[in-house]
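Trainee: Could you walk me through this one slowly, please? I would like to start with a pair of strands and then jump around a bit.

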Amino acid sequence: MSKLQESLQEGKFTITGEIGPPKGVDLTHCWQEVEYIKDRVVAINVTDNQSSVMRISSQSICALLVQKGLEPILQITCRDRNRLAIQSDILGGYAQGIRNILALTGDHNTAGDHPESKPVFDLDSVSLLTAISKLKSGRDLANQELEGTPSDIFAGATVTPGADPLEMQLIKFERKIEAGAQFFQTQAIYEPKVFETFMNKVSKYGVPVLCGIVIIKSPGMAKYMNNFVPGVFVPDSMIKPLAEASKEDRPKRSIELMAEFIREIRPMCQGIHIMAMGWEKYVPQLLDMCDL
Amino acid sequence: MVVNVPKPEEEVKDLISEYSSIFILGCGGCPIGCKSGGEERIKELENMLVKEGKSVTGWQLIDFLCNKVLVGTRLRNHISKLKQTDCILVVSCGIGVQATSNMVDLPVVPANDTLSSQGMQGLWPSSERCAGCGTCYLALTGGICPITTCSKSLINGMCGGQHDGKCEVEKDRDCGWYLIYEKLKSINKLDNLKKIPKLRDYRKMDVPDSKRNTTRWALEKAIIYEASMEFEKEEE
């Protein structure tokens, strides 16, 4: 059983982090980010060609994390590979010691740096979870028997608590659980009331939810997210203090605001998923402020 | 020619099981060339429905269901019947099913599966598109095609890229799943989303060689012209 699964099963408030693999083969920066967060999180997500921008494969970085004695969460999107390739990578990852998987549909190719490429989407988040469940039962999607069963894969999925329409999001949430999702990491959210409404609707399923935390670095970033990231809304109460802080004080003020949010939502969910996006060095400080 | 084949009878029975009164609408274009439609098939379906204990409120064959104006004007003659109808069983390719759904505020059920439109094309005069997935989902998706309206052709619902009802690919492009959600909500059929199979079978897109060689574009056959003219005389 993965440490992530164990932590959630024991009912511990569980913290996960996230890194994005580089475009190129120099991993210096990547390992530095890992260094900042590794002692404070149970497992680390590794993104899969995030935003449809081509980078080192998630699976390779996950395997290297395993070698370092750390626990990765392999993010798999359905944009770049069909069901043969994905199942084969899941088995390969398992052989390399990867146990946690986060299933995503993936951004469309046109969002990234290879917009002329062929969108695959043979599977999507729900059918990918179905594939993982099949493999865990000892068979593949074509119902062929496996030689050795990866039964202790821990499969997760994502959900957007601030999505509109929320009803459609909840239908898909239910479909993901039905397909085998054992934990959820959410899209970034900044309004405790909205998160509470969402948690009230999903707690009946008994599937652990880690609240997504994206540290707002500047008022500009907040505005960008409000305009371009679906289902994410940064309220003025969070933007204003950042705009009023001097540039030097901004990280401190930003961390304070995030800590306040985390303290507020902590009783509502089973953990948090921190996406620091370059601000990994502030993560320990943030967690200290939350007594986590 | 948009190649389409009859859905397995058991599947049609399953799709109409929740409705009690049904109107049958057939296309006099490609389905006739494909031997998957026309008056004969409509009669077969009518018999099947009656055997299943359903009431058939009426039927109509229209040349080119892909032409929404034609669909609208011809269906106008049946308004009293349609008011007593729970759903329309549409004998056409996926475009005809979508065009019907767009013109009439009733659930639609496709009687056919559409395969790739290889060779000559059928008419696509409006916004409806059919990718010929061979697994017509329109009965479950409110007559709006997830394969052609969703930029990722997803069948399991909206992805995270939907923003104010628009797609992440183009800011003016409607999110297909948003349209499907709104439509299903308006006809009180959101539960349909739980019934969609989770995986696609891409083999079904392939047109078997036999179908490629023997089907003809309906207009190539004078006999079909005559048949439809006769039908119009009858109507008058």
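Predicted model: local features only at pLDDT ≥ 70, side-chain atom pairs only at ≥ 80, totals over all residues.

Trainee: OK, and how many bridges pair β2 with β3(A), and in which sense?

Mentor: Strand β2 of chain A, which covers residues 43-46, pairs with β3(A) over three bridges, and the sense of the pairing is parallel.

Trainee: Is β3 of chain A buried or exposed?

Mentor: Strand β3 of chain A spans residues 72-76, and five of its five residues are buried, so the strand is largely enclosed by the rest of the structure. Both of its faces are covered, with A:Pro72, A:Leu74 and A:Ile76 buried on one side, and A:Ile73 and A:Gln75 buried on the other.

Trainee: Let's switch to chain B. In what order do the strands of its open sheet come?

Mentor: Four strands of chain B form that open sheet, in the order β3-β2-β4-β5, and their pairing is parallel. The edges are held by β3 (55-62) and β5 (108-110) of chain B, each of which has a single partner strand, so one side of each is left without a neighbour in the sheet. If direction is ignored, neighbouring strands of this sheet are turned by 20 degrees against each other on average.

Trainee: How many bridges join β4 to β5(B)?

Mentor: Strand β4 of chain B, residues 87-91, is joined to β5(B) by three bridges, and the two strands run parallel. One of the residues involved is B:Ile88, whose bridge partner in β5(B) is B:Val108.

Trainee: And which helix lies across β2, β4 and β5 of chain B?

Mentor: That is helix α6 of chain B, residues 94-103, which runs at about 175 degrees to β5(B).

Trainee: Now helices in chain A. At what angle do α5 and α6 of chain A pack?

Mentor: Helix α5 (residues 125-136) and helix α6 (residues 166-179) of chain A pack at an angle of about 15 degrees, and their axes are 8 Å apart. An angle under 35 degrees counts as roughly parallel, and therefore α5(A) and α6(A) are roughly parallel to each other. The contact is made by A:Ser125, A:Val126, A:Leu129, A:Thr130 and A:Ser133 from α5(A), together with A:Arg175, A:Lys176 and A:Ala179 from α6(A). Sorted by class, the residues of this contact are three nonpolar, three polar and two charged.

Trainee: What about α9 and α10 of chain A, what is their angle?

Mentor: Helix α9 (residues 236-244) and helix α10 (residues 250-265) of chain A pack at about 160 degrees, with their axes 9 Å apart. That angle makes α9(A) roughly antiparallel to α10(A). On the α9(A) side the contact is made by A:Met238, A:Pro241 and A:Leu242, and on the α10(A) side by A:Arg250, A:Arg253, A:Ser254 and A:Leu257. By class, this contact has four nonpolar residues, one polar residue and two charged residues.

Trainee: Where does B:Met1 lie?

Mentor: B:Met1 lies in the segment before β1 (4-6) of chain B. With 22 C-beta neighbours inside 10 Å, B:Met1 counts as buried. B:Met1 and B:Cys34 are 33 residues apart in sequence, while their C-alpha atoms are 8.6 Å apart in space.

Trainee: Last one: how many residues does each chain bring to the contact between A and B?

Mentor: Chain B brings 18 residues and chain A brings 21 residues. The side of chain B that touches chain A has seven nonpolar, eight polar and three charged residues.

Note on methods
Residues numbered from 1 in each chain as written. Chains lettered and ligands numbered in written order. Contact = placed C-beta atoms within 7 Å. Nonpolar A, V, L, I, M, F, W, Y, C, P; charged D, E, K, R; others polar. Axes fitted to C-alpha atoms, helices over the stretch in contact; angles between N-to-C directions. Parallel < 35°, antiparallel > 145°, perpendicular 65-115°, else oblique. Pairing = 2+ DSSP bridges. Buried ≥ 20, exposed ≤ 12 C-beta atoms within 10 Å, placed from the backbone.
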